[in-house]
Each structure stands twice: as structure tokens, then as C-alpha cells.
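Please look over the structure below before reading the numbered points. They are written for someone who has not seen it before.

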Amino acid sequence: MSFRDLNVVIIETGRTNVRAGLGLHDLLKTPSVDILARVGLRRSASGEHLNRSQQPIPPGENVPKKTIDDSSRISSLPQHSEPNASVNDYLVGSALDEAIAAGQDVSISWPFADGDVRDWTQAEAIWKYLLFNQLHRRRVQNESPVILSVFPGLARSTYERICQIFFERFNSAGLAIIERPVAQMYAANSLNGVVVDIDEDKVDITPISDGTTLHHPRITIPIGIRDCQNYLVHLLKSNQSVVSTLSPPDNPLDPESLHSTLLEFVKQLCTEGHVKVPSDGETAVVEDDGVTDIAAIVMAGKEKAVIESGMKKKANAKASAAEQARAREIEALDLLTVQFREHSLTVGKERHRLCEPLFDPKLLHGVSGVSPLLSASPRLPLQEAVSIAVGQVDVDLRQSLWAGLFVTGNLTRHVKGIGIALQSRVAPFVVTPDLQTDVQPRYARVLSVPEYYPEYRDTGNGLACFLGSSIAAKVRTTSSQVLYLMVWFQIIFNDSGGRNYVSKADYSARGPHSIIEMSPALL
């Protein structure tokens with residue numbers, strides 16, 4: 001049995017974000033739905049959780065907390081399990097956002113924050129919201145198969161429970177499951193490498209060989225985007241211009257309000273693309289020699305940027321000497337004026353120090369708002385963690401892993417240069433002087449999402465998991481002469497043998513266990 005491209009549903013399940021889209025298109029689309037992976041239950045004045053009818057949910061027996069082998073994967077994000085709550089009792093997406101904005105008392109839970117499923121009812125509530133509320137699928141006569149990306153290393157029982165939910169609760173037409181790092185590596189057009197996935201309070205480091213996750217060397221370090229943002233807030237508190245503007249002496253903010261205001265400002269700097277990560281590995285921009293490669297510019301989709309750059313150069317040429325001197329001064333200091341709320345705030349090079357804690361976690365000592373350590377293991381610098389992960393792999397595989405360093409995650413959507421910065425810092429770990437063989441790694445190479453995915457050009461590597469999940473349903477064939485030949489063959493849902501996904505017939509015959517033999521990660 002095969003399915004229509006436009007009916008295929010792609011769902012990315014991450015620690016703090018879930019994304020979804022409908023249909024496989026010739027030009028692979030970015031997700032149409034992107035929400036925080038959280039749910040909420042309203043609370044009464046007495047602290048009792050309320051159901052959708054605003055009635056107290058009767059207390060139930062406490063469900064034993066799921067044991068996670070690696071304590072470094074445990075997130076500090078909150079989790080409140082209510083055994084007698086139903087799927088419909090939970091607020092998800094815009095309903096939860098509106099309840100929080102209205103000042104309602106809501107207990108928030110993040111069911112995927114540990115890189116596993118903390119609460120199955122909450123997980124079902126999120127997936128149901130994506131399928132039926134956002135993508136407008138109908139449970140009756142549901143003709144949409146689902147490709148779902150999940151965390152690596154999940155138990156077989158977890159796969160079976162997922163399979164049961166999608167067939168029995170959602171009536172899906174088919175189900176395929178792919179591990180996140182594998183999908184992310186597909187997006188980088190590679191089958192070998194190391195995926196560095198930077199999330200809100202964790203960084204997951206996963207080696208991939210021949211399109212398969214190597215589970216033993218996987219490492220998670222307890223540091224993430226939130227820690228980097230709080231570190232930059234810490235630095236901005238020394239910027240008297242910014243602080244005095246936001247907290248004037250005649251009407252000062254209390255320390256907590258100032259911190260939250262600066263944190264909002266830092267998030268704006270990031271999302272607007274004003275932050276990049278400096279690195280010794282970066283090269284200076286070479287001035288053009290007056291010759292413009294029109295074909296290359298059109299292929300890269302940069303026509304508008306080149307035209308604007310040319311107009312700017314002409315305007316600068318006509319500027320006065322004083323104006324040119326001021327422009328050179330601003331460029332040297334890397335000053336930037338940003339409109340934030342009703343204020344104009346000027347920041348300098350300190351904004352580019354956002355990611356320093358990733359490479360030197362000791363900088364977080366004394367910084368307020370930093371995620372607490374929930375395990376005895378210290379925070380490893382990112383470059384050391386990557387080298388440890390690669391070092392646990394067989395010697396003959398290390399060369400191919402170092403040649404595929406792929407940094408992804410929400411942070412990479414707007415902050416550029418993290419991959420190059422990591423490349424320069426892992427260089428001392430790549431070469432092993434005592435190992436002089438043909439398989440001796442000699443360099444680390446950074447991967448990125450290719451520019452021939454036009455819909456993803458402005459998203460950095462942040463949507464790699466969703467893109468890779470789409471690629472998993474299609475194989476692109478190109479020739480060296482034709483750079484943009486979009487000829488696609490389905491490899492999952494149009495596989496007539498049905499070996500890559502579970503169909504309704506498979507589920508009817510073998511039940512939830514059918515997902516085991518259809519998932520390469522479990523074989």
C-alpha cells in the first residue's frame with residue numbers, strides 16, 4: 001500500500017519544542033506548526049488541579065517516576081503528573097499561552113524534557129493537539145500516515161506505547177519512527193558524523209555511523225540555551241548605558257525585574273540575528289575585486305542582499321569625512337542600536353559572548369538564573385564532551401565522525417558561527433600523536449544544511465530534525481551537471497513491501513509489537 005504525498009504528517013518531538021507539518025512537497029517545506037512541548041493544568045485557589053469543566057480532579061495513586069539511567073539527562077524543567085487527568089483536561093499550545101497571559105494559576109509540565117516520555121497522557125495531549133487541532137486531521141477515516149522523530153535510545157516498550165497511541169487513539173493510517181540525531185544527520189546530507197543538539201538546558205552529543213546511532217558513546221551535558229542567555233544578562237548588567245535606560249535612577253527596577261527585562265532583551269538580540277560566535281577558525285572577509293558572479297548569487301538566493309550592499313557602498317562614498325570616521329569607529333567597536341520596547345539600546349561586542357559558557361562552563365559560577373546541577377557530574381566544556389564521545393568509538397570510525405561535525409538545535413536558527421567555533425576548539429583533540437596510521441583523523445569538518453533546500457536557507461541548522469524526517473520519506477537523486485534536479489522516490493510510505501513503516505493491517509495482525517521489527521534503531 002502507498003500513500004499520497006500530501007497526506008503524510010511529519011512530527012518532530014524535541015525536549016522543549018514540537019513541530020509538525022502536512023505533506024511531502026517537491027520543495028520540502030518548513031514546519032507549519034511550532035509550539036513549546038509543554039502542557040498545563042488549571043489550579044483552584046486551594047491548589048487543586050481542575051479538569052476541562054473547572055471541577056477538581058480527584059486525587060489518584062502517585063505514579064512511580066520513570067527511572068533514567070543517565071542522570072545528566074534529567075531536566076530541571078518542571079513536571080507535575082496527575083494520574084486521574086484525562087487528555088482533554090490539559091491545555092496545550094495557544095490555549096495554554098492564553099491562560100498564562102490572562103494570569104490564571106496553571107501548573108506547567110514538560111513531558112519530553114528528559115529525552116524520554118515523562119507522562120504518557122501529557123504526551124498524547126500534545127500529539128493530539130498537533131494532529132487534530134493544528135493539522136485538522138479527522139480521526140474517522142484518517143488517511144494520514146505519520147513519521148515521528150523521537151529521542152535516541154528509547155526502550156522497546158516506549159516504541160510499543162507510541163505505536164498503540166497513534167493507532168488506537170489517533171487512528172493513523174501508518175506509523176514510522178526515526179531517531180532525532182539520524183534525521184538531523186540526513187539534513188546535513190551525510191550518514192556519518194557527530195550531532196551536537198543544543199536545547200534549552202541540555203546539549204545532546206550523538207555519534208552517527210552509516211546512518212545508525214551509536215548509543216554507547218552518547219553524552220548529554222547539563223548546559224544549554226537558557227544558561228547562555230543568563231550569562232549574557234550577567235554581562236549586560238555591567239553596561240551602564242543599557243541598565244540606566246531600562247532602570248533609571250529615579251524609578252529603578254528591583255533586581256528580579258531587571259533580570260527578567262534584560263533576559264527578554266537578550267532573546268530579542270538572538271532572534272533578530274544580532275549575535276554571532278567569534279572563533280579563531282574564522283577567516284577575514286575578502287573584499288570583492290569588482291567581478292560579480294551573477295549565477296552564484298542567484299543560486300544562493302542573495303540577489304536582494306547584493307543590491308542593498310551596492311547601494312550602501314555608493315551612499316558611503318558620498319558621505320562626509322566626519323561621517324565616514326564615525327562609521328569606522330562604530331564598525332571597530334561593533335556597536336549596535338536596537339529598539340527594545342520604547343527604548344533605543346546600544347550594545348557592543350559583549351553580545352557575541354553569548355555562547356562562551358558552552359566552551360567554558362566555569363564562567364557560569366555566580367550567574368543568577370543558571371540551571372541547577374541535578375547530578376554529581378560536572379559540566380564538561382562542549383569541545384571536551386565531543387572528544388570524549390568520539391574517543392569511545394572504534395578507532396577506524398573516528399576519521400569519518402570528525403569529518404561530520406554537525407551543530408544543530410534552536411540556538412543555531414539565529415546565532416551563527418557555533419559550528420566553526422567548536423571546530424577550532426576541538427582541533428587539539430582530533431590528532432592523536434601516538435596513533436600514526438591510515439585511519440588517523442587529521443581534521444574536523446563542519447557540516448550544515450545545504451543551500452539547495454531553499455525553504456531552509458534562513459533557518460540555520462535549527463530545523464534539521466524536521467528536514468531530515470522529510471528526507472527520510474524521500475530520496476533525492478542528483479547529477480554533478482544538474483544542481484537542482486528534484487527527482488524524488490519515496491522510501492518509507494510508498495514502499496510497497498511495507499518494511500519501513502507499520503500499516504493498519506500490520507497493527508491489526510501483530511499489535512503494538514509490530515513497530516519493533518519496522519524500526520531500524522531497534523534491530
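1. Basis of the note. This is a predicted model, in which local features need pLDDT of at least 70 and side-chain atom pairs count only at pLDDT 80 or more, while totals for chains, interfaces and linings use all residues. Residues are numbered from 1 along each chain as its sequence is written, and side-chain values use heavy atoms, with hydrogens and water left out.

2. The chain as a whole. The protein chain holds 17 helices and 18 strands, where helices (H or I, at least four residues) and strands (E, at least two) are DSSP runs numbered from the N terminus. Of its 523 residues, 49% are buried; buried means under 20% relative accessible area, exposed means over 50%, and partly exposed lies in between, with a 1.4 Å probe and protein chains only. The accessible surface comes to about 25,300 Å², and carbon and sulfur atoms contribute 52% of that surface; the areas come from the Shrake-Rupley method with a 1.4 Å probe, and for residues only the protein chains shown count as cover.

3. Contacts along the sequence. Among contacts in the protein chain with a separation of 6 or more, 69% are between residues 24 or more positions apart, a contact being heavy atoms within 4.5 Å.

4. The nonpolar cores. Which residues touch the most other members of the largest nonpolar core? In this core of 57 residues they are L354 and V386, a nonpolar core being a set of buried Ala, Val, Leu, Ile, Met, Phe, Trp, Tyr and Cys residues joined through side-chain atoms within 4.5 Å. Once neighbours within four places in sequence are set aside, V386 is in contact with V194, V196, I205, W402, L405 and L422. A second, separate core has 45 residues, including L41, V146, I162 and Y507. In soluble globular proteins, nonpolar side chains tend to be buried together.

5. The pair α4 and α15. Helix α4 (residues 180-187) packs against helix α15 (residues 464-471) at an angle of about 80°, their axes being 7 Å apart; axes are lines fitted to C-alpha atoms, for helices over the stretch in contact, and angles run from 0 to 180 degrees between N-to-C directions. The two helices are therefore roughly perpendicular to each other, a term for angles of 65 to 115 degrees, whereas under 35 counts as roughly parallel, over 145 as roughly antiparallel and the rest as oblique. On the α4 side the contact involves R180, A183, Q184, Y186 and A187, which meet A464, C465, L467, G468, S469 and I471 of α15. These residues divide into 7 nonpolar, 3 polar and 1 charged, where Ala, Val, Leu, Ile, Met, Phe, Trp, Tyr, Cys and Pro count as nonpolar, Asp, Glu, Lys and Arg as charged, and the others, Gly among them, as polar.

6. S190 lies between α4 and β9 and is buried, with a relative accessible area of 18%. Leaving out residues up to four places away in sequence, S190 touches M185 and L447.

7. D201 sits in the loop between β9 (193-198) and β10 and is buried at a relative accessible area of 4%. The C-alpha atoms of D201 and S76 are 7.6 Å apart, although 125 residues separate them along the chain; beyond four places in sequence, the residues that D201 touches include S75, S76, I221, R226 and S371. T206, in strand β10, counts as buried at 4% relative accessibility, and among the residues it touches beyond four places in sequence are P181, V194 and R218.

8. Is D210 buried or exposed? At 60% relative accessibility, D210 counts as exposed; it is in the loop between β10 (203-209) and β11 (212-213), and its phi is near 50°, a positive value in a residue other than glycine. Q54, in the loop between β4 (39-42) and β5 (91-92), has a phi near 65°, also positive in a residue other than glycine, and is partly exposed with a relative accessible area of 41%.

9. D334. This residue is placed in the loop between α10 (321-333) and β13 (336-340), and D334 is partly exposed, with a relative accessible area of 22%. D334 and G348 are 14 residues apart along the chain, with their C-alpha atoms separated by 5.4 Å. Apart from neighbours within four places in sequence, D334 is in contact with V347, G348, K349, R351 and H352.
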